[in-house]
Amino acid sequence: MRWILILVWAVTSALSSPGHARMATADPSALIPIDPAVRTGQLPNGLRYALMSNDRPVGGVSIRLRFDVGSYEEAEDERGIAHFLEHMAFNGTRRLPEGELMRRFAEAGVAFGRDQNASTSMFATTYQLDLPDSDPAHLDLAFSWLRDIGDGLLLTPEAVERERGVVVAEYTAGLGPQKTWREAYQAFATPDARSRARPPIGVPETLATIDADALTRFHQAW
């Protein structure tokens with residue numbers, strides 16, 4: 001039996017302002033009934049969870065940790081910082097220093113990219129982790145890392161500088177006619193929309209200047 005666990009941290013920051021306000025949305029459970037096979041709840045700290053079992057593949061555990069914050073929350077001089085911060089979660093944490101994190105997960109049968117990854121959108125940052133088994137030691141490792149993403153990222157200047165090249169390379173790889181067309185269309189169709197100026201990958205001007213202090217401020221704020 002494979003267990004699937006979805007964790008959602010709904011973030012509310014003091015930095016929110018009417019200019020940042022998102023459109024109010026209805027509670028999804030009020031529109032679409034929740035599958036009775038899914039056990040849901042909320043912890044005292046506000047973390048919401050959904051837990052279900054699945055018979056295939058056998059024995060593994062899939063965990064997703066979602067923060068309801070993405071590029072839409074970025075200030076003008078922070079464009080790309082949410083995605084940059086997502087990258088830094090793989091560069092050392094309080095319980096799993098840089099170098100130790102990848103080694104420990106590899107020993108647990110977890111491959112970076114295939115089993116351990118993350119993504120940033122305009123409105124959310126999601127970390128994904130697929131364990132090959134439910135060994136208690138492996139579960140403890142998984143939750144230690146996910147817990148540290150909450151407030152235990154190291155964000156050292158040296159690691160930030162090394163990761164900057166990776167983020168810039170990802171931005172460069174996305175350049176091309178499709179990106180040019182999409183930006184031109186958005187400028188025509190929604191010229192005043194905040195979302196048009198907040199692609200998760202960011203812009204070169206800010207990607208070149210985001211540093212450890214800026215990442216720490218954004219992390220603590222949200």
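# Briefing: helix contacts, aromatic pairs and selected residues

Tyr 185 counts as partly exposed, since its relative accessibility is 48% (buried means under 20% relative accessible area, exposed over 50%, and partly exposed in between, with a 1.4 Å probe and protein chains only). The structure is a predicted model, in which local features need pLDDT of at least 70 and side-chain atom pairs count only at pLDDT 80 or more, while totals for chains, interfaces and linings use all residues. Residues are numbered from 1 along each chain as its sequence is written, and side-chain values use heavy atoms, leaving out hydrogens and water.

**Packing of helix 3 and helix 4**

- Helix 3 (residues 100–107) packs against helix 4 (residues 136–151) at an angle of about 150°, and their axes are 10 Å apart. Helices (H or I, at least four residues) and strands (E, at least two) are DSSP runs numbered from the N terminus; axes are lines fitted to C-alpha atoms, for helices over the stretch in contact, with angles from 0 to 180 degrees between N-to-C directions.
- The two helices, helix 3 and helix 4, are therefore roughly antiparallel (over 145 degrees; under 35 is roughly parallel, 65 to 115 roughly perpendicular and the rest oblique).
- Helix 3 contributes Leu 101, Arg 104 and Phe 105 to the contact, and helix 4 contributes Leu 141, Ala 142 and Trp 145 (contact means heavy atoms within 4.5 Å).
- Sorted by class, the contact of helix 3 with helix 4 has five nonpolar residues, one charged residue and no polar ones (Ala, Val, Leu, Ile, Met, Phe, Trp, Tyr, Cys and Pro count as nonpolar, Asp, Glu, Lys and Arg as charged, and the others, Gly among them, as polar).

**Aromatic pairs**

- The count comes to eight aromatic pairs (rings of Phe, Tyr and Trp, the last by its six-membered ring, pair if their centres lie within 6.5 Å; planes under 30 degrees apart are stacked, over 60 edge-to-face and the rest tilted).
- Phe 105 and Trp 145 form an edge-to-face pair, at 5.8 Å centre to centre and with 75° between the planes.
- Phe 105 belongs to helix 3 and Trp 145 to helix 4, so this pair ties together parts that are 40 residues apart in sequence.
- Phe 105 and Trp 145 are both buried.
- The pair of Trp 181 and Tyr 185 is stacked, because the ring centres are 5.6 Å apart and the planes lie at 10°.
- Trp 181 and Tyr 185 are four residues apart in helix 6 (residues 177–189), a separation of about one helical turn.
- Trp 181 counts as exposed, at 57% relative accessibility.
- One aromatic cluster is formed by Phe 67, Phe 90, Phe 105, Phe 112, Tyr 127 and Trp 145.

**Selected residues** (contacts below leave out residues up to four places away in sequence)

- Lys 179, a residue of helix 6, is buried, with a relative accessible area of 12%.
- Lys 179 touches Tyr 171 and Gly 174.
- Gly 46 is placed in the loop between strand 2 (39–42) and strand 3 (48–54) and, at 21% relative accessibility, counts as partly exposed.
- Arg 66 lies in strand 4 (residues 61–67) and is partly exposed, its relative accessible area being 34%.
- Arg 66 touches Leu 7, Val 8, Trp 9, Phe 123, Ala 124, Thr 125 and Thr 126.
- The C-alpha atoms of Arg 66 and Thr 126 are separated by 4.2 Å, although these residues are 60 residues apart along the chain.
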